[in-house]
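Good morning. Please have the viewer open, and I will walk through one chain.

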Amino acid sequence: MKSIDPEEFKVTVPIKLSEIPTNLNNKASDDDKEEKLEKVQEKLSALQDVMYAHNRYGVLICLQGMDTSGKDSLIREVFKEFNPRGVVVHSFKTPNSTELEHDYLWRHYLALPEKGKFAVFNRTHYENVLVTRVHPEYVLNENLPGIEKVEDITPEFWESRMEQIRNFEKHISQNGTIVFKFYFHLSKEEQRIRLLRRLENREHHWKFSPGDLKEREHWDTYMQYYEEAINKTATENAPWYIVPADDKEMARYIVAKIIWEELQKRTDIKVPDLDVKVKANFDSYKEQLAKE
């Protein structure tokens with residue numbers, strides 16, 4: 001199977017989603033992809049233990065994509081070898097009454113990873129420039145000054161939100177949070193197939209919501225706003241990676257490989273050296289324990 005180069009998926013210039021493939025058409029078998037993923041899983045798990053001991057960086061992994069794009073299954077498969085203490089997953093739903101009493105980024109600040117840990121945002125702060133743009137009436141629930149009706153939400157409002165998000169990501173990255181942002185690039189046809197599968201398979205009925213079909217009606221609008229959000233917030237400190245999502249197994253491997261390859265560049269991440277005085281007294285500690 002062809003080696004995965006993170007730079008192939010990283011957004012470094014303005015992109016058009018319509019020109020980016022949703023499937024790599026890689027001829028590798030599912031078994032081959034699973035084997036490759038397992039190897040990266042083990043490496044990431046070992047690295048997380050080192051990061052926990054190093055205690056200088058947290059890792060924030062942001063997953064965005066349309067319904068059925070494979071975010072949930074990716075979380076299950078990519079991070080299953082992690083020590084449970086080392087990774088926390090947050091699935092952001094519609095803001096509750098408490099969250100609406102604060103600014104829209106407040107709940108995301110609260111969920112940021114501790115040093116030495118990974119946090120996965122399944123849907124992210126970007127919902128505030130995606131879903132709310134498709135359904136601007138949702139913004140009225142935030143009770144913002146000067147926003148009394150949908151007509152008050154101007155293009156300048158969205159530009160300001162993009163700037164706020166860039167500043168949020170710049171701030172956390174400068175304070176020890178390594179940020180990865182993945183957009184799962186799913187085709188509309190593949191989504192149709194996956195939604196049908198949910199309806200036809202009794203075991204998957206619980207995953208289906210009529211709301212998925214309503215949001216599907218806005219597909220083109222979502223693509224427009226995804227494209228704009230990615231182009232305006234792809235920065236060196238918080239890069240976007242566009243992952244072809246029609247092949248779930250390949251998408252999982254791509255995400256895991258990108259995280260592994262990029263973290264390898266942080267050459268300062270290592271198990272800290274033991275205090276010299278403590279190390280010099282190892283023999284006496286051994287003697288003390290042997291006498292018990």
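First, the ground rules. This is a predicted model, in which local features need pLDDT of at least 70 and side-chain atom pairs count only at pLDDT 80 or more, while totals for chains, interfaces and linings use all residues. Residues are numbered from 1 along each chain as its sequence is written, and side-chain values use heavy atoms, with hydrogens and water left out.

Now the chain as a whole. Its secondary structure comes to 11 helices and five strands. Helices here are DSSP runs of H or I with at least four residues, strands are runs of E with at least two, and both are numbered from the N terminus. Along the principal axes, the C-alpha atoms fill a box of roughly 75 × 50 × 40 Å. Of the 292 residues in the chain, 47% are buried. Buried means under 20% relative accessible area, exposed means over 50%, and partly exposed is in between, with a 1.4 Å probe and protein chains only. Among contacts with a separation of 6 or more, 82% are between residues 24 or more positions apart; contact means heavy atoms within 4.5 Å.

Next, helix pairs. At what angle do helix 1 and helix 9 cross? Helix 1 covers residues 30-54 and helix 9 covers residues 248-264; their axes cross at roughly 35° and come within 9 Å. Axes are lines fitted to C-alpha atoms, for helices over the stretch in contact, and angles run from 0 to 180 degrees between N-to-C directions. The crossing of helix 1 and helix 9 is left-handed. That word applies if the near helix is turned anticlockwise from the far one by less than a right angle, and right-handed applies if clockwise. On the helix 1 side the contact includes Leu 37, Val 40, Leu 44 and Leu 47, and on the helix 9 side it includes Tyr 253, Ala 256 and Trp 260. By class, this contact of helix 1 with helix 9 has 11 nonpolar, one polar and seven charged residues. Nonpolar covers Ala, Val, Leu, Ile, Met, Phe, Trp, Tyr, Cys and Pro, charged covers Asp, Glu, Lys and Arg, and the others, Gly among them, count as polar.

The second pair is helix 5, residues 155-174, and helix 8, residues 219-233, which pack at about 50° with their axes 10 Å apart. Helix 5 and helix 8 are therefore oblique to each other. For that term, angles under 35 degrees count as roughly parallel, over 145 as roughly antiparallel, 65 to 115 as roughly perpendicular and the rest as oblique. Helix 5 passes helix 8 in a right-handed crossing. Their contact has three nonpolar, one polar and five charged residues.

On to the rings. A pair of aromatic rings is described by the distance of the centres and the angle of the planes. Rings of Phe, Tyr and Trp (its six-membered ring) pair if their centres lie within 6.5 Å; planes under 30 degrees apart count as stacked, over 60 as edge-to-face and the rest as tilted. By this rule there are 10 aromatic pairs. Phe 157 and Trp 158 have ring centres 4.9 Å apart and planes at 85°, so this pair is edge-to-face. Phe 157 is buried at 15% relative accessible area, and Trp 158 is buried at 8%. Phe 180 and Tyr 241 have ring centres 6.5 Å apart and planes at 35°, so this pair is tilted. Phe 180 lies in strand 4 (residues 177-185) and Tyr 241 in strand 5 (residues 240-244), so the pair ties together parts 61 residues apart in sequence. Phe 180 is buried at 2%, as is Tyr 241 at 1%. Ring pairs also link Phe 79, Phe 82 and Phe 118 into a cluster.

Last, single residues. Is Gln 191 buried or exposed? Gln 191, in helix 6 (residues 188-200), is buried at 1% relative accessibility. Leaving out residues up to four places away in sequence, Gln 191 touches Met 66, Asp 67, Thr 68, Leu 186, Arg 216 and Trp 219.

Asn 23 sits in the segment before helix 1 and is partly exposed at 28%. Asn 23 and Ile 242 are 219 residues apart in sequence, yet 11 Å apart in space, C-alpha to C-alpha.

Asn 55, in the loop between helix 1 and strand 1 (58-65), has phi near 60°, a positive value in a residue other than glycine.
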